[in-house]
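I opened the model to look up a few things and noted them in order. The entries follow the sequence and coordinates.

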Amino acid sequence: MLEIRNLHVELEDGGTPILKGVNLAVKGGEVHAIMGPNGSGKSTLSYVLSGRDGYVVTQGSATLDGADLLAMAPEERAAAGLFLAFQYPVEIPGVGNMTFLRTALNAQRKARGEAEVSAADFLKLVRAKAKALAIDAEMLRRPVNVGFSGGEKKRNEILQMAVLEPKLCILDETDSGLDVDAMKLVADGVNALRDAGRGFVVITHYQRLLDHIRPDIVHIMADGRIVRTGGPELALEVESNGYAGILAEVA
Amino acid sequence: MARPDARPDARHAAESRLAAAPAGGGAWLRAAREAARERLLAMGLPGRRDEYWRYTDPADLTSAEAPAAAPPRAADGAEPFAAAEPLRLVFVDGLFDPAASDPPELAGVQIERLAEAAPRDLHWARDLFGAIEARGQTPVPRPLAALNTALAADGLLLRVSGRAERPVALVRRQAAEGSDVMLHHCIRIEPGAELTLLESGPGGARTTDVLEVDVGDGGRFHHVRLQGRDHGGRVAAHLFARVGAAAQLRAFTLTADGPLTRNEAYVELAGAGGLAHLAGAALGDGAFHHDDTVVLRHIAPGCESRQVFKKVLKNGAAGVFQGKIHVLAQAQKTDGYQIAQALLLDEASQFLAKPELEIYADDVKCSHGSTVGAIDPVALYYLRSRGVPRARAEALLVQAFLAEAVDEIADPTLAEDIRARLEAWVARHSG
Amino acid sequence: MAALDATRTRDGVDAQTLRTVEAMAGKYKHGWETDIETEFAPKGLNEDIVRLISEKNGEPAWLLDWRLAAFRRWQQMEEPTWAMVHYPAIDYQDQYYYARPKALSRKPRSLDEVDPRLLATYAKLGIPLREQMILAGVEGAEGAPAAARKVAVDAVFDSVSVGTTFKEELRRAGVIFCAISEAVREHPELVRKYLGSVVPPTDNFFATLNSAVFSDGSFVYVPPGVRCPMELSTYFRINAENTGQFERTLIVADRGAYVSYLEGCTAPRRDTHQLHAAVVEIVALDDAEVKYATVQNWYPGDEEGRGGIYNFVTKRADCRGARSKVMWTQVETGSAITWKYPSCILRGDDSQGEFYSIAIANNAQQADTGTKMIHLGRNTRSRIVSKGISAGRAQNTYRGLVSVHPRAAGSRNYTQCDSLLIGNRCGAHTVPYIEVRNSSSRVEHEATTSKVDEDQLFYCRSRGMSEEEAVALVVNGFCREVLQALPMEFAMEAQSLVAISLEGSVG
């Protein structure tokens, strides 16, 4: 499904290299966790895959079901089935949450040659999904993320994921700033979406989210590369020993 | 401050325009026109050197002849405000068109025209015609309004004594290429009465209009104005209003296109607990110059004012905002807010603003904000990352930018009409 | 204080402020006059006076011609009326344009030659405690922090520079800091190159007047790559009656240079108005940085508006070089009339301008002050923070211009402009001009006007402060962002000035 090969990326402004040869293959149904210390390039990877400005790919490739992600505009990547749950979801005053979601859903459907969803069906769909995430009607009425608490923003990201039903979901530090109850809600939302056809990349600094979203494969990222790959036990090793041990071992 | 002595050229220009003043009329009208004439001669016609014309060249508004403009070609599908089922009063090139208009009968509203009332020796409009305009000459001089008071031969005179059961629509149309329109309207809202006035236009190659409104205690006046679209007319529109105790005035203007539009407003909050909200959305692509020059004067204590002006500018369009919250010493407990923002969609466009506060009372809460910039790239990326194509995402963000101004329209039917027009404009001009 | 800090009292007010406020007594504390014999040129203004000033300074012909051209131009100009200040017409013929202490009719070679009464004057100024001791030759004075900070001082008394300290040490670093009259003689090529290059002699009515009659002022040149080893400071004092003061300051920071400059001003209490029309020019070349801080405490006049300085000042910085940076900080508490707009022309790409201002107007004072940020270069940045406080019957206006030219792509401005009203007979006004002519730039302007918070005042008073102490405390909190931009000693001085300036504003 997602194939990343020898990906090298630097900052457009100043040319600082951030990713220095990342390799990653995610198959449908798999949950991959990427862990690593701050500054290791985890978030950059998510931004580059989703098409944010400010980065230059100097080498390597990234494909989703064989299609070249890096050649696509951000909206084309979304239509192709890529979804990034942001670490810092963006506030957009003046754009209603419902308008935003419906515009996004219909734009993706249109890009895929599918019929648009009617207003009534859309409302039904969102209400059902929102309920599971404890998002109330009032939150749906507000402008996108404006005045939302940290937890509300993250739940709103998962709601978008549930409505848009992407093939590949990247969760960038979705656990940051969440208390235990909020993390449980978010994790339940993610787990409900797990199925054989959908892949997940869960980026996190801490192991605790992985108690709730059980990964199949865990990668450790450091200095722009994936330096170790293992099973869920790798996350537990980080939990008890920190990154220092693993990094020393690699170096 | 009004200039005590007009420059000779400005005075001469005023004199030559005044030569066209209508003769006759009842004593009340003659007196008002004479006073306006004196006011104008003291100021002269505006020029680039005047403080409040530094960002807008008044040449096309002051010239002897109206610059030619072809009547608008395109029109949005629906007749403006049709859904609100207003009583329609139609002026074509500034001339009343009774055939196209509805019968001027509406419960609670006495409808007359200035041309009909002019010969009478006594008329209720005597206390209003030119009176608020005269007070509104300070602190920002408005010579074109004085010119209108001296010259205008027609206009609507509405006296509202109850709650008007439906809105009155002032429909303007343009037929001739060189029409130079000058209408002067007076509206008196008696205490507790309420009226919604809808305007569409501009309806002339050049329009120099004045609307004077006196909202009595507890009265309400709603004003929704549509200027454009795809027209070539030059416009200098003036709103002068007095808002009484616990009375409300809410005005919104959508300006779409037009080479030169100057919308002036002077609103005085004269009674305790009054409220005035003025909002505007302006959309221009290419040869577009749009100017809002607004003074909110707080005279009485405990009043609230709000100014929300948004402009979307592309391909060399220019936007101007000159707004002032003016709080007199006795106007304690004033709540004044003003925001002026421009979205520049390309390198060539510009926004020029002078948002002023002039405050002489201490127990006040006044603020203004102004921002100028391009579409927020982060918001754009976020929308695109959810699959919304760039053009659609930009259009959404443009509409979001304008939302705060449109939200000032209280009536949902009218707000929907305006939103649809905004959306259509953005769609036509996207990419 | 801990309890206070934990409440809604505006932050940034500390125990020091309280003590300073408590220490305040009396009104304007620089209102005394020094009894020094003064030599005056005849009253009035004409070409002969201009020639006399030039001759007294021993100036070359080019400078006399420059002055005369300015004078002729000035005679054609009209006094500007656009500011929100009102004052009776100034009789420009009823002023002395040149006054110098007699003891200085020959320029002193060192401070030792200065009239001791003059030095006593500086002692009496009291404000810049350490500078005063240094002026008196007490280096590394007691109470100075371990890393003692030296400040070189140039003092201008009425029209004449009376002495500059630390010249030798500065010279070793390559920094020139002297009276401008001396610079004209010693460094004519530098003066000629830069004088009038930022504020041309035709700039405005008051700057043109200054160009004709300026008698002295300070000159600073920091050579390429040099970080000026100490802060430079000028103290201006108007002493003689009916005397206009027209000092001219020129600061040039060459490529990669850095200098921080402080300016203080006081004048005696008099019933007549006195005119002050200064010009400050700053030139910053590539990568240079200049910080210019002013504490303006000219005599403001009495409660009834009698007397006080008419302060018409033109200050402008030309960020000529790429990545150059100029920061203006001002605390304006004095003068009957203040008309002053320290500005930055952001000509170099990536150059930066900042303006931090506190303007306090009490009693019958009128202030119309602000800044202009002219963005010409690409990716230029500016920031404006203005805090205006009005009390008594005073009128206080912020007037500013942010202009972003088409070429200045990628530029940014942020303006925050707050006004505080104390009492219901004063006025606070905001007149910003915002001109944005390209879309890749972003300009944000915010302004608020409100009254001093009664709850905060009450809270302070319930903890034992007098009403005036409470006001001073709250106002200092309101001004915090600007106070923080000042060098530490100046910030302390400014805090106490805030308190003095607001005396009698409540109750």
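Predicted model: local features only at pLDDT ≥ 70, side-chain atom pairs only at ≥ 80, totals over all residues.

I then looked up the surface of chain C. The accessible surface comes to about 18000 Å², and carbon and sulfur atoms account for 48% of that surface.

Next I checked secondary structure. Chain C has 14 helices and 23 strands.

For contacts, I took pairs in chain C at least 6 apart in sequence. Of these contacts, 85% join residues at least 24 apart.

I moved on to one loop of chain C. Asn362(C) lies between strand E17 (352-361) and strand E18 (366-375). Is Asn362(C) buried or exposed? Asn362(C) has a relative accessible area of 1%, and the cut-off for buried is under 20%, so Asn362(C) is buried.

I also listed what touches Asn362(C), leaving aside neighbours within four places in sequence. Ala391(C), Gly392(C) and Ala394(C) are among its contacts. Ser501(C), Leu502(C), Glu503(C) and Ser505(C) are in contact with Asn362(C) as well.

Last, I turned to a helix in chain A. Helix H6 of chain A covers residues 150-164 and has 15 residues. From first C-alpha to last, H6(A) reaches 21 Å, close to the 21 Å expected at 1.5 Å a residue. I note that H6(A) is mostly covered, with 14 of its 15 residues buried. Glu165(A) follows H6(A) and has a positive phi, near 45°.

Key:
Residues numbered from 1 in each chain as written. Chains lettered and ligands numbered in written order. Heavy atoms only, no water. Helix = DSSP H or I, 4+ residues; strand = E, 2+ residues; numbered from the N terminus. Contact = heavy atoms within 4.5 Å. Areas by Shrake-Rupley, 256 points an atom, 1.4 Å probe, with all protein chains shown as cover. Expected span 1.5 Å × (residues − 1). Buried < 20%, exposed > 50% of the residue type's maximum accessible area, 1.4 Å probe, protein only.
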